[in-house]
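Visitor: I would like to learn how to read a structure like this one. Could you take me through it feature by feature?

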Amino acid sequence: MRADARRNHERLLTAARLAFAAHGTTASLEDIARRADVGIGTLYRHFPNRQALLGAVFEDAVRELLARAREQLDAPHPCTALVTWLRDLITRASEYRGLAKALMAVSYADSGSEADASDLARCCAPIREAGTALLTRAQRAHVVREDVSVGDLLQLTHAIALAAEETPDDPELADRLLTLTLRGLKP
């Protein structure tokens, strides 16, 4: 990327983070372009659609979640490691209003579908792999049921994040729902 294109790209990401934090993931793309002081065409050259922009914004969170998953693989208690990582995932999915819903939509996308090819879906693939490693470790330690799948856990965490997003006056809701859910995971 040329230097000016790199600057525009970073300004668009900064503006998108601010807009998504203030107005959710359905924030106006025109407003994001305006905040970045670029035209809408520049936004679309960098990010051909909303999913591409969401994927780029979520990339930093993905890197952090993957690092946390690697750390948790060395934790002494496999179930605690999995739960800690799931809490981190819920926290990240709750950062922007609408992100949990978008993640739910792409986490079970059919292969070859438009959603599966999206940048946001590609962000989910490494998350799925990291979650699988933590889940498998907990299952091998016989602290999580064998019939639990990572897809189910991801959908549950996104649903918990969505429920918490819809109930902002109850900051403990996500933790209560996760605790309740986890009771069903034990053999």
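Visitor: Is Cys124 buried or exposed?

Guide: Buried means under 20% relative accessible area, exposed over 50%, and partly exposed in between, with a 1.4 Å probe and protein chains only. Cys124 counts as buried because its relative accessibility is 12%, and Cys79 counts as buried because its value is 19%. This is a predicted model, in which local features need pLDDT of at least 70 and side-chain atom pairs count only at pLDDT 80 or more, while totals for chains, interfaces and linings use all residues. Residues are numbered from 1 along each chain as its sequence is written, and side-chain values use heavy atoms, with hydrogens and water left out.

Visitor: How many disulfides are there?

Guide: A disulfide is a covalent bond between the sulfur atoms of two cysteines. With the rule that the two sulfur atoms lie within 2.5 Å, the count here is zero.

Visitor: Which residues have the most contacts inside the largest nonpolar core?

Guide: A nonpolar core is a set of buried Ala, Val, Leu, Ile, Met, Phe, Trp, Tyr and Cys residues joined through side-chain atoms within 4.5 Å. The largest one here has 62 residues, and those with the most contacts inside it are Phe20, Ile32, Leu53, Phe58 and Trp85. Helix 4 gives the most to this core, eleven residues, where helices are DSSP runs (H or I, at least four residues) numbered from the N terminus.

Visitor: What is Trp85 in contact with, leaving aside its neighbours within four places in sequence?

Guide: Contact means heavy atoms within 4.5 Å, and Trp85 has such contacts with Leu65, Arg68, Ala69, Ile127, Ala130, Gly131 and Leu134.

Key
Helix = DSSP H or I, 4+ residues; strand = E, 2+ residues; numbered from the N terminus.
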